[in-house]
Amino acid sequence: MNKKIEFVDQTLRDAQQSNWAFLMRTDMITPIAEIMDKVGYRAIATVGSQAFTVQVRNLNEDPWERIRILSQLIKRTPLRGSYQIGSLSSFDLSTPRDIITLWIKRSVANGIRSFWICDYQTDMEKFVYFARIAKAEGAEIVPALMYTSSPVHTNEHWARKTRLLAEAKDCLDRIMIEDASGVITPEGTRELVSTVQKNCEGLSLEFHSHCNSGLAPLCYLEAIQSGVTTVHTAVVPLANGTSLPATEAILRNARRLGYSSDLDEDALAAVSAHFRKIAEKEGLPIGVPMEYDLFHFEHQVPGGMMTNLTRQLREVGMEHRLDEILEEVVQVRKEFGYPVMATPYSQIVGAQAVENVVSGERYKQITDEAIKYVLGYYGEPVVPIDQNLVDRVIRLPRTKEFLNWKPEGYLKSVEKLRGEIGPELSDDDLLLRILIPGRPVKRDEPKEKVIPTPKVTPTPVEVELPSSPPPDSPMEFSVDVDGEVFRVKILPVRHKTNKTIEAERPKRPKELPPGAVVSGMAGIIIAIKVKVGGRVSESDVVATIEAMKMRREVQSPHGGVVKEIWVSQGEMVNSGDLLMVVEINAQ
């Protein structure tokens, strides 16, 4: 038996997603990156497409530049990225095949040497197609066997899933057993690892679980004793909570069991100390062990999703309804046929549960992704979907639009898409534009030192007006605020030499006007589908919002003419925000 244990570090990826909601900036990483390279990890995981969106929108960073910087500083340890076989990030299944191929190739070109894949579960043909492309680029391929517990997820189910992967062993390197929800028990770990070993044809196994239930550290020791040779962990400040177990604790306990590791513990201590200082300086949480909670085994919401869901509910003043939504998650998951609570299924279940609670009526509003799931576009569930739900979905007018649905433009070439989106865009920028519609690609001048520019809200500026401005003539200036340029219009004020002026912003009415169309949830405006003066009918799609990692269509509640549009593409909105006014029964 191999008594040496290897570690995959998740500090920069899953740990910061779970505990810091992807808010780790590049300048928090670069000072310690070279020391991380000396720790001796088997791989260092870094963020994928979902976090790219946060980096661009919230941190004002270029995600590709982060990967390039890390690959220059971390030269010995492979950086592990990810890709999805169905889309870049949002789960609409419509990303063109060549764009996913380009994502893989550009990831490798920028410094990724290993890939983790989780959304292949029901489409091995696509998995093999993209895995061969990644292998041809020289990357390691590590598919995740996504664990969940339910009355129908038996040992035979996991044996069958493992055999499917073993049949494709020529284009993969290892198998990761991943428990994103943190619901596996020590006994379940022994059974699962044994089942996978019997069916994986000798492929090496990795183990990855979250601490949501408090059991993950025990499960890791069971996995190690059952034959797993690689475990996923994070340094102490970003471990525990809904994150992964701490590297330091697993290493210490594995040694007590007679196992060894080549980790440099001095370097590991330095990394841990660095991120503790970052947490204290930035006011970010330090992970603490979770109490055992039986309810978690029912809803099984993954750690990263729980963090994002709680944050979104807080933003719209609904955090007090979290338990109610989690209870609804339990019911929705059962009616959906017990899908694995991991990407993309956990988001589909969670988004529908939120809709059911917020609307006040179960399935009054059904997301497009839920419709596609019921129609089988996300694969066949382990057990049939509740027939009453199927009947309700089939009766929806929206469902007719998805019958015989195929991804539009799935076989479009990269160059054709570049011509449509922006002929001047580089490959990296094209991917960002597709991933984050409505967000212009911004490039800062090269800097000698890596200091990412934080997103800054323009503050009022004191401007001294010229002594003799033309009366009633506004003047416009470009004002640079920490690297971001704002257009500021200054109106002359008579009899005053100084005046506090702010960048002009449209003022929204305090009360919703007749014909108001409002947002049902916090999110990002991805597209405005109408123009002022255009006529719409009831239920017409007038805008698209990205929320909870999925794109949601906003439908007009009534027919009429678009009188005003109050938002723009790329803008953040909250639940209840006015999007536009559709004048009812306008002629």
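Is Phe22 buried or exposed? At 5% relative accessibility, Phe22 counts as buried, where buried means under 20% relative accessible area, exposed over 50% and partly exposed in between, with a 1.4 Å probe and protein chains only. The points below take up this residue again, together with the barrel, the helix pairs and the cysteines.

1. Basis of the note. This is a predicted model, in which local features need pLDDT of at least 70 and side-chain atom pairs count only at pLDDT 80 or more, while totals for chains, interfaces and linings use all residues. Residues are numbered from 1 along each chain as its sequence is written, and side-chain values use heavy atoms, with hydrogens and water left out.

2. Eight strands form a closed barrel in the order 1-2-3-4-5-6-7-8, and their pairing is parallel. From one strand to the next the twist averages 30°. Helices (H or I, at least four residues) and strands (E, at least two) are DSSP runs numbered from the N terminus, and two strands pair if DSSP finds at least two bridges between them. Strands of a sheet pair through backbone hydrogen bonds, either parallel or antiparallel.

3. Strands 1 and 2. Strand 1, residues 6–9, pairs with strand 2, residues 43–45, in the parallel sense over two bridges.

4. Strand 7 and its neighbours. Strand 7 covers residues 204–209 and is mostly covered, with five of its six residues buried. On one side, strand 6 (residues 174–179) pairs with strand 7 in the parallel sense over six bridges, and Glu178 has His208 of strand 7 as its bridge partner. Strand 7 also pairs with strand 8 (residues 230–233), again in the parallel sense, over two bridges, and here the bridge partner of Glu206 is Thr230 in strand 8.

5. Strand 6, helix 8 (residues 186–199) and strand 7 make up a β-α-β unit that is right-handed; the term applies if, with the strands pointing away from the viewer, the path from the first strand over the helix to the second runs clockwise. A right-handed β-α-β unit is likewise made by strand 7, helix 9 (residues 216–226) and strand 8.

6. Helices 1 and 11. Two packed helices are described by the angle between their axes and the distance between the axes. The axes of helix 1 (residues 11–20) and helix 11 (residues 265–282) come within 14 Å and cross at roughly 30°, and helix 1 is therefore roughly parallel to helix 11. Axes are lines fitted to C-alpha atoms, for helices over the stretch in contact, and angles run from 0 to 180 degrees between N-to-C directions; those under 35 degrees count as roughly parallel, over 145 as roughly antiparallel, 65 to 115 as roughly perpendicular and the rest as oblique. Helix 1 passes helix 11 in a right-handed crossing, a crossing being left-handed if the near helix is turned anticlockwise from the far one by less than a right angle, and right-handed if clockwise.

7. Helices 14 and 15. The axes of helix 14 (residues 322–335) and helix 15 (residues 345–359) come within 8 Å and cross at roughly 120°, so the two helices are oblique to each other, and their crossing is right-handed. The loop between helix 14 and helix 15 holds Pro344, which is joined to Thr343 by a cis peptide bond with omega about 0°.

8. Helices 19 and 20. For helix 19 (residues 414–421) and helix 20 (residues 427–435), the axes come within 11 Å and cross at roughly 70°. That makes helix 19 roughly perpendicular to helix 20, and the crossing of this pair is left-handed.

9. Positive phi values. Phe22 lies in the loop between helix 1 and helix 2 (26–39) and has a positive phi of about 70°, although it is not a glycine. Gln300, placed in the loop between helix 12 (296–299) and helix 13 (303–315), also has a positive phi, near 60°, in a residue other than glycine. Gln300 is buried, with a relative accessible area of 1%.

10. Cysteines. The structure holds zero disulfides, a disulfide being a pair of cysteine sulfur atoms within 2.5 Å. Cys211 is in no disulfide, and the nearest cysteine sulfur, that of Cys219, is 9.6 Å away. Cys211 counts as buried at 2% relative accessibility, and Cys118 counts as buried at 5%.
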